[in-house]
Amino acid sequence: MPDLEDFNHRIQVYQQSTESLAVGQLFCRCNNNIFQHVPNMQPQSPPSTADLALRIKEVCAAAMPWRYIYDLIEQTIQNQHQGYGVSKPVVFHYVSNMIIALTVYQRHGKALSSDILLRLMSKLDLHHPVLRAGLELLAEESLRRCYRAKASLQNSSWQGT
């Protein structure tokens, strides 16, 4: 479970930051922060996007406080887009794509292209403190759940032999 104090602390830190980071730098910083909090996972070889997508859906629909964080992200996105053409499924699509991009930003010695990053940022601006803090926390929990799923699969296959 996330520590809501950590969520609020990250929001404050991101609000107080005066750095003007380029898109690639911002994604790199978020990626580093996410994997720093999930030490069992390696940023160069994150889980598959299919596995991540399943875990993201679990986390965003989970009980409090994960749901609370997702709801704040959703409300922030609605406010930014002023409700025009941004339905709940579209918001979830934006959120899940951004979380996947944040977790797979750097892998196999390559980084996502600036074109992809700019398209993602046109939908969700990571410079917004609530979005950045919330997306990082949801990404961290999604990765933890990927790790737990792999660990439990390995344990069950080990016990079956």
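**Reading a helix pair**

Author: Two packed helices are described by the angle between their axes and the distance between the axes. Here, helix H3 (residues 49-60) and helix H5 (residues 88-103) pack at about 130 degrees, their axes being 10 Å apart. Axes are lines fitted to C-alpha atoms, for helices over the stretch in contact, and angles run from 0 to 180 degrees between N-to-C directions. The model is predicted: local features need pLDDT of at least 70 and side-chain atom pairs pLDDT 80 or more, while totals for chains, interfaces and linings use all residues. Residues are numbered from 1 along each chain as its sequence is written, and side-chain values use heavy atoms, without hydrogens and water.

Reader: Which word describes how H3 and H5 lie to each other?

Author: Angles under 35 degrees count as roughly parallel, over 145 as roughly antiparallel, 65 to 115 as roughly perpendicular and the rest as oblique. H3 and H5 are therefore oblique.

Reader: Which residues of H3 and H5 meet?

Author: Contact means heavy atoms within 4.5 Å. From H3 come Thr-49, Leu-52, Ala-53, Ile-56, Lys-57 and Cys-60; they meet Phe-92, Val-95, Ser-96, Ile-99, Ile-100 and Thr-103 of H5.

Reader: How many helices and strands does the protein chain have?

Author: Helices (H or I, at least four residues) and strands (E, at least two) are DSSP runs, numbered from the N terminus. The protein chain has seven helices and two strands, in the order α-α-α-α-α-β-β-α-α. Among its contacts between residues at least 6 apart in sequence, 78% join residues at least 24 apart.
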